[in-house]
Amino acid sequence: MEKSLEPIVKVLQEKFGATFEEFRGEVQCMVKPEHIIEALTILRDAHHFELLSMLSAIDYFPQTSPRFHVIYQLNSLEKNLTLQLRVPVEGESPKLPTSTGVFKTGLWREREIFDMFGIEFEGHPDPRRILNPDELEGHPLRRDFPLGYEEPQFSFNYEEIDLGKPYAKE
Amino acid sequence: MTQLQPANVEQYKHLISERALTGETMLLNMGPQHPSTHGVLRLVLELDGEIVVNCIPDIGFLHTGIEKNMEAKTFQKAEVMTDRLDYMNTMGNNLAYVMAVEKLIDLDVPPRAQALRVILVELQRIASHLVLLGTWGLDLAAMSMFLYCFREREQILDIFELVSGQRMMTTYIRPGGVWRDVPVEFEKAVRDFIKIFPKRIDEYEKLLTKNPLFVDRMVGIGHLSKEMALSYGVTGSNLRASGVNWDLRKARPYMGYEQYDFDVPVLTEGDTYARYLVRIEEFRQSLRIIEQALDKLPMGPVRSDNRKFVPPPRSEIGVSMEALIHHFKLWTEGFHAPNASIYSAVESPRGELGVLIAGDGGPKPRRVHMRTPSFDNLAVVPELVKGHLVADLVAILASIDIVLGDIDR
């Protein structure tokens, strides 16, 4: 870990009981869902992390607790530092507080996470789907959402697949 | 089959003003088939006369599920999907993805491959800015600009065809290096371009920079403040035109960018004209990088010889049993990556192109997220166009440099 990042990680550890991991020189801090907004505000105001460059999520299905990680990649331009905050969230329809009050990046990126993973952001000013049509059922980037290949029709399953075909029947 | 619902006011109720509901202002649909939306972007505009009151972008028309598709492919095979993201920056997308994979599996790249990557990515940056400049001129009624820009872009695409066999979907940069060494004609082709291009930049500047028709439509239009840009996550030339000196090539050098001497143009005005000037200067700086990289292009291998991750060359397969096994294993099963995730970012022509990639211990990624710069750059447009004319919206949209393939993924 870079020297100048150590005091910042320490603050997160003391204040929010955050744990951190390091992989290939990258620091990933685990923060609890109830602390994330406060953590982002402190990092922005007191430690010059003024650019939230990436906001995304990873689905760890079939693992259920936590099933998702919501990831905030913060950058400090002044000190040239980068820090990743990870919020583990559980369950089928998880909820998180919105970060739009701290960084406007969330306005679209949180809509994308909701669209793709079904993680709701409470208090988001415009909670609609963004990339997929509104009529779509399910959330495509979840690991249990099928990719959508067509099943090949053989003689042994001809009837079965034929039943599901959309063409007009007698 | 579910039927697509026609757009109704109900859907946008919380985004438009009261006056739209009473009929005092008008809701107008712009796009998705509109030449100056640079792709398939739909904008719902609330207009008071010709003044934009609110702008609601509607994206997703080009959504092809690239991130989901990549999860079903091995790390090597998923790379071809990255070409299709931002089709103006294929080499840059390859580089961003490949660098993330290399970081995940801890693979080194030989110096010659690094220098070649830099040359090609900088050529791609010029090509991308050329398309931007051409369409920008077209949007503001400078028709001849488009033809001039595409003439030079053609020269760059010819170089890409020379090295990779493809003009656009190159997939030339591979994990561990590049696909194969460049042909002997490569150096001459790039030198020719370096020789001719500075004169062309002057030509563009003569056409546009002081042209009153062009300047009047850009100075003071679409002011983006430093604070707003950072809050929205705007990066790249747009951020640098707002007075923030932030370029990943300088701040966190990768692929040996620290060896090259170049400047990062920064302007403080933050308007549409500043965004234009920054890009013109970036042409010159990219040329400087290409020239230096070509001058000290080292000799040596262009692919790592770590056979656990990089397939052996064809010549080895006939004589070495081990090479044949590696070839077979790598192209059927693929290599395994650790169960961890990393984030790595490069400076694309549009801004920070980041890749979040998570392995699950197997040969396929658990998750690939492409942090595409156009997405965040477009998010700020509704703020920029408020209070401007519809015609100014076209100029602002052009200056933000969006590529819809990059946004919708």
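The model is predicted, so local features need pLDDT of at least 70 and side-chain atom pairs count only at pLDDT 80 or more, while totals for chains, interfaces and linings use all residues. Residues are numbered from 1 along each chain as its sequence is written, chains are lettered from A and ligands numbered from 1 in the order in which they are written, and side-chain values use heavy atoms, with hydrogens and water left out.

**Select chain A.** Colour by secondary structure: chain A has four helices and seven strands, where helices (H or I, at least four residues) and strands (E, at least two) are DSSP runs numbered from the N terminus. Their order along the sequence is α-β-β-α-β-β-β-β-α-β-α. Chain A is more spread out than a compact globule, because its radius of gyration is 21 Å, well over the 15 Å that the globule rule gives for 170 residues. That radius is taken over C-alpha atoms, and the rule is 2.2 Å times the number of residues to the power 0.38. The C-alpha trace of chain A spans about 70 × 35 × 25 Å along its principal axes. Of the 170 residues, 49% are buried; buried means under 20% relative accessible area, exposed over 50%, and partly exposed in between (1.4 Å probe, protein chains only).

**Switch to chain B.** Here there are 18 helices and eight strands.

**Select Met321, Leu324 and Ile325 of chain B.** Met321(B), Leu324(B) and Ile325(B) make a nonpolar surface patch of about 300 Å². Patches are made of residues with over 30% relative accessible area and no salt bridge, with like charges joined within 9 Å and nonpolar side chains (Val, Leu, Ile, Met, Phe, Trp, Tyr) within 5 Å. A salt bridge is a side-chain nitrogen of Lys or Arg within 4 Å of a carboxyl oxygen of Asp or Glu; areas come from the Shrake-Rupley method with a 1.4 Å probe, and for residues only the protein chains shown count as cover. Leu324(B) belongs to helix α14 (residues 321–332) and is partly exposed, at 39% relative accessibility.

**Finish with Cys55 and Cys149 of chain B.** Cys55(B) is buried at 6% relative accessibility, and Cys149(B) is buried at 0%. Over all chains the structure holds zero disulfides, a disulfide being a pair of cysteine sulfur atoms within 2.5 Å.
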